[in-house]
Amino acid sequence: TIATPIYVTPTADNAGEKIAVDGDYLFVTAGQKIYRYLKSSGAYDGEWGIAGTGENEYGEISSIDADSDYVVITDSVLNRVTICSQAGGFLRKIEFSENITDAATHSGIVYVPSASGIHEYSAASGEKIRTWADYGEGEGKITGPCLISAGPDSVFASNGKVVKKFA
């Protein structure tokens, strides 16, 4: 099956750097802004974010992910994950003392890889659930901040050379 394309018309301000899709929306980042479009038509439907260190302010957006309730934005300059509603309302932030570059969300759980493992948080409360996948080479380990994607029964992490599946 060939998908029907939708067209988002970028401007100089929202040319797009990273994307996330879930529910009815497509989220596109550009600089410190997040633009929301209707997934069905590509029509512009809002935006949020500015440069800074406060709520819905970002140093550098290094990744964005979304599930049916939340948008998760990773800031690699401020080493934090911001959790927003799909409408862009600030809900909470999770700050890290180590470098982070990515986060994934699925079913209300946020997964954040770092040099000390994969950290699991509740998107609803911001409470840490656990840390797993210790640092290092080999089965069940990761080699530092990496790319991550979460699905219904697995989490995938990649250091740019190897993709590992955690079930």
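1. His 119 has Thr 131 of strand β14 as its bridge partner. Strand β13 (residues 117-122) and β14 pair in the antiparallel sense over four bridges; strands pair if DSSP finds at least two bridges between them. The model is predicted, with local features requiring pLDDT of at least 70 and side-chain atom pairs pLDDT 80 or more, while totals for chains, interfaces and linings use all residues. Residues are numbered from 1 along each chain as its sequence is written, and side-chain values use heavy atoms, without hydrogens and water.

2. An open antiparallel sheet of four strands runs in the order β11-β12-β13-β14. Because β11 (104-106) and β14 (128-132) stand at its edges with a single partner strand each, one side of each has no neighbour in the sheet. Strands are DSSP runs (E, at least two residues), numbered from the N terminus.

3. A hairpin is formed by β16 and β17, with four residues between them. Gly 160, in the turn, has a positive phi of about 95°. The bridge partner of Val 155 in β17 is Phe 166.

4. Tyr 25, Phe 27 and Trp 48 form one aromatic cluster. Rings of Phe, Tyr and Trp (its six-membered ring) pair with centres within 6.5 Å; planes under 30 degrees apart are stacked, over 60 edge-to-face, the rest tilted. Phe 27 and Trp 48 are edge-to-face, at 6.2 Å centre to centre and 70° between the planes. This pair links strand β2 (residues 25-30) with strand β4 (residues 44-48), the two residues being 21 apart.

5. Both Phe 27 and Trp 48 are buried, meaning under 20% relative accessible area (1.4 Å probe, protein chains only).

Notes: Buried means under 20% relative accessible area, exposed over 50%, partly exposed in between (1.4 Å probe, protein chains only).
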